[in-house]
Amino acid sequence: MKKTHDYGTAWRILRLASITDQIFIKAQRIRTLEEKKISKVGEDITGEYIGIVNYCVIGMMQLETEPGAPVELAPSHVERLFDEKVKETQDLMFAKNHDYGEAWRDMRISSLTDLILMKLLRVKQIEDNEGITLASEGIKANYQDILNYSVFALIKLGIK
C-alpha cells in the first residue's frame, strides 16, 4: 500500500505475462544468490521473496480486474482487493498445511526456490497456451502456491 501511495497503480499497465516475468526474475535472482552466496548490489533474498509475494497478489488482482478498467484505481479499492487475495491464499495455505502436515517446515529454502521456479515455468506454459489447460490448475492457483512458498521461505528466514 505504501508503493501504491508513491506510484499509484502503475502496475495495472502490465500484462499478465509481464507480471509472471517479474516474478521469474526475482526467483532467478534468489537462486543465483543462493548458489553464489554473494550479492554485488547489497540486496538480500528477503526483499526478493517479499517482491514475489507482492507480484503474486498483483497478478491475482490483474486476473480478476475487468479488461476495460482504468489504469489508476483508488487506493481503497486496491487495499480491498489486496486483502481479499491474501485472505484467499492464506485460507488455501491453511487447508494444504492440514493435508500435508506442514511438510514445508522440513524443507530447505533452496527447495522452495526451485518449486517457485517450476511453478513459474508452468504458468509461462499456460500463458503461452492462452490459459487453456487440460488437466492442471490455472494461473491463479499457481500464483497462490508461489505466494505461499515465498511466505514459507520468509518464515524460515526469520521474517514475521
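A residue counts as buried when its relative accessible area is under 20%, as exposed when that area is over 50%, and as partly exposed in between. The model described here is a predicted one. Lys85 has a relative accessible area of 0%, so it counts as buried.

**Overall build**

The protein contains 6 helices and 0 strands. Read from the N terminus, its elements follow the order α-α-α-α-α-α. The radius of gyration is 16 Å, close to the 15 Å given by the globule rule for 160 residues, so the protein is as compact as a globular protein of that length. Along the principal axes, the C-alpha atoms occupy a box of roughly 45 × 40 × 30 Å.

Of the 160 residues, 39% are buried. The accessible surface amounts to about 9,700 Å², and carbon and sulfur atoms make up 56% of it. Among contacts with a separation of 6 or more, 79% are between residues 24 or more positions apart.

**A buried threonine**

Thr46 lies in helix H3, which covers residues 45-64. Its relative accessible area is 15%, so Thr46 is buried. Leaving aside residues up to four places away in sequence, Thr46 touches Leu154, Leu157 and Ile159.

**Charges and salt bridges**

There are 22 positive and 24 negative side chains in the protein, and the centres of these two sets are 5 Å apart. Side chains of opposite charge can pair when their charged atoms come close.

| Salt bridge | Distance, N to O |
|---|---|
| Glu64 and Lys140 | 2.9 Å |
| Glu88 and Lys85 | 3.6 Å |
| Asp145 and Lys96 | 2.8 Å |

The bridge between Glu64 and Lys140 links distant parts of the chain: Glu64 is in helix H3 and Lys140 in helix H6 (residues 139-156), 76 residues apart. Glu64 is partly exposed at 42% relative accessibility, and Lys140 is partly exposed at 25%.

Glu88 and Lys85 are 3 residues apart in helix H4 (residues 75-100), so about one helical turn separates them. Glu88 is partly exposed, with a relative accessible area of 28%, whereas Lys85 is buried at 0%.

Asp145 and Lys96 form a salt bridge that also links distant parts of the chain, with Asp145 in helix H6 and Lys96 in helix H4, 49 residues apart. Asp145 is buried, with a relative accessible area of 5%, and Lys96 is partly exposed at 27%. Through salt bridges with shared partners, Glu64, Arg80, Glu84, Lys85, Glu88 and Lys140 are joined into one network.

Terms used:
Residues are numbered from 1 along each chain as its sequence is written. This is a predicted model: local features need pLDDT of at least 70, side-chain atom pairs count only at pLDDT 80 or more; totals for chains, interfaces and linings use all residues. Side-chain values use heavy atoms; hydrogens and water are left out. Helices (H or I, at least four residues) and strands (E, at least two) are DSSP runs, numbered from the N terminus. The radius of gyration is taken over C-alpha atoms; the globule rule is 2.2 Å times the number of residues to the power 0.38. Buried means under 20% relative accessible area, exposed over 50%, partly exposed in between (1.4 Å probe, protein chains only). Contact means heavy atoms within 4.5 Å. Accessible areas come from the Shrake-Rupley method with a 1.4 Å probe; for residues, only the protein chains shown count as cover. Lys and Arg count as positive and Asp and Glu as negative; His and the chain ends are not counted. The place of a charge is taken as NZ of Lys, CZ of Arg, CG of Asp or CD of Glu. A salt bridge is a side-chain nitrogen of Lys or Arg within 4 Å of a carboxyl oxygen of Asp or Glu.
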